[in-house]
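Biologist: I have the model open and would like to go through it piece by piece. Please start with a single residue.

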Amino acid sequence: MGYVPLELARPIRVDRIYSVHYFEYGPDYTFVGESHDFWELVYADKGEIYVTAGEEEKLLKKGQMIFHKPGEFHNVRATGKDAPNIVIVSFECRGDAMRFFEGRIVSASDNERVLMARIVEMAGAAFSTPLDDPWAQHLERKENAPFGAEEIIGISLEYMLLELIRRGENGAPARPTSLIRERSQNEFLARVQGYLEANIQRRLTLSDICRDNLVGRSYLQKVFREKTGGGAMEYFGNLKIQKAKEMIREGSHNFTEIAALLGYNSIHYFSRHFKKVTGMTPSEYASSVKVLARRGRGEE
């Protein structure tokens with residue numbers, strides 16, 4: 001008797017995306033509006049923003065998202081009180097299940113914020129089109145994009161849509177228990193640590209880290225202080241020094257090259273930071289390594 005395959009039921013399937021944006025608006029920003037034949041979600045990552053869906057204007061609060069169905073006129077405008085940050089993802093997804101999102105505002109859970117951040121992260125890795133270009137109408141692929149980055153965008157978006165529908169009609173995320181909260185914080189920390197490791201050559205600011213990981217400054221600092229004993233920037237600085245020590249031990253780059261590869265403004269700033277963290281200058285550390293290496297070979 002031969003095996004009979006079962007085709008998987010996929011009520012939510014995203015095969016095409018039109019845009020992934022992360023915008024940092026001023027308090028007086030206004031977009032005149034548009035309509036198109038695909039879905040668009042708008043997520044308020046920071047602050048509040050007014051959104052128009054059809055003929056109705058609604059207030060989108062921090063942590064909430066709204067979905068505009070194909071053909072629906074929509075626009076956004078800042079409240080005039082603060083400078084909001086929003087994520088916009090435009091995509092094609094057909095099927096009856098998407099009716100759930102028509103005219104609906106939903107609040108993102110911790111897991112859904114992680115998925116949203118993953119979408120933004122992978123879009124930045126996969127496409128050369130700037131995420132903050134409001135006039136971009138097509139995505140340009142990067143030549144050396146990470147393997148599977150586009151598929152991760154699609155999978156993350158599908159998973160988020162499925163989770164929102166499965167959660168039910170009221171759209172309010174369940175209050176996390178202490179164990180769930182602990183797990184969420186650990187997963188968040190691991191994700192941001194991976195992000196910092198992947199961007200160790202950049203001159204990141206705290207605002208960059210918050211924006212790229214869709215997280216507020218206070219929560220980011222709270223988790224890092226609780227889990228690592230210091231702030232996110234202190235962790236990032238120590239990460240750079242650990243990498244510098246590794247490169248010094250390898251001996252394939254001089255100090256000036258190491259400073260440039262790790263995103264330092266100058267060799268002098270690199271040396272000062274290195275000594276502050278290790279108690280030694282790069283030269284002193286290199287000498288100590290050489291001494292240890294000679295000792296290891298029996299060369300006293």
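Biologist: Which residues is Asp208 in contact with, leaving aside its neighbours within four places in sequence?
Modeller: With those neighbours left aside, Asp208 is in contact with Tyr195 and Arg203, where contact means heavy atoms within 4.5 Å. Please keep in mind that this is a predicted model, in which local features need pLDDT of at least 70 and side-chain atom pairs count only at pLDDT 80 or more, while totals for chains, interfaces and linings use all residues. Residues are numbered from 1 along each chain as its sequence is written, and side-chain values use heavy atoms, with hydrogens and water left out.

Biologist: Where does Asp208 lie, and is it buried or exposed?
Modeller: Asp208 lies in helix α4, residues 206-212, and counts as buried because its relative accessibility is 15% (buried is under 20% relative accessible area, exposed over 50%, and partly exposed in between, with a 1.4 Å probe and protein chains only).

Biologist: And Thr30, buried or exposed?
Modeller: Thr30 has 52% relative accessibility and therefore counts as exposed. Its place is in the loop between β1 (16-24) and β2 (39-46), and, not counting residues up to four places away in sequence, Thr30 touches Val76 and Arg77.

Biologist: Zooming out, how many helices and strands does the chain have?
Modeller: The chain has 9 helices and 8 strands, taken as DSSP runs numbered from the N terminus (H or I of at least four residues for helices, E of at least two for strands). Its C-alpha trace spans about 80 × 70 × 45 Å along the principal axes, and of the 300 residues in the chain, 42% are buried.

Biologist: How many residues are in the largest nonpolar core?
Modeller: The largest nonpolar core has 35 residues, and among those with the most contacts inside it are Leu41, Phe91 and Leu157; such a core is a set of buried Ala, Val, Leu, Ile, Met, Phe, Trp, Tyr and Cys residues joined through side-chain atoms within 4.5 Å. Helix α1 supplies the largest share of this core, 8 residues. Leaving aside neighbours within four places in sequence, Leu157 is in contact with Val14, Leu41, Val89, Phe91 and Ile119. A second, separate core of 30 residues includes Phe188, Phe224, Leu239 and Tyr285.

Biologist: How do the axes of α1 and α2 cross?
Modeller: The axes of α1 (residues 110-126) and α2 (residues 149-167) come within 9 Å and cross at roughly 160 degrees. The two helices are therefore roughly antiparallel to each other (angles under 35 degrees count as roughly parallel, over 145 as roughly antiparallel, 65 to 115 as roughly perpendicular and the rest as oblique). The residues of this contact divide into 13 nonpolar, 2 polar and 5 charged, with Ala, Val, Leu, Ile, Met, Phe, Trp, Tyr, Cys and Pro as nonpolar, Asp, Glu, Lys and Arg as charged, and the others, Gly among them, as polar.

Biologist: What about the axes of α6 and α8?
Modeller: The axes of α6 (residues 232-250) and α8 (residues 267-278) come within 10 Å and cross at roughly 100 degrees, which makes α6 roughly perpendicular to α8. Here the axes are lines fitted to C-alpha atoms over the stretch in contact, and angles run from 0 to 180 degrees between N-to-C directions. The contact is made by residues including Gly237, Ile241 and Ile248 of α6 and Phe270 and Phe274 of α8, and its residues divide into 6 nonpolar, 4 polar and 1 charged.
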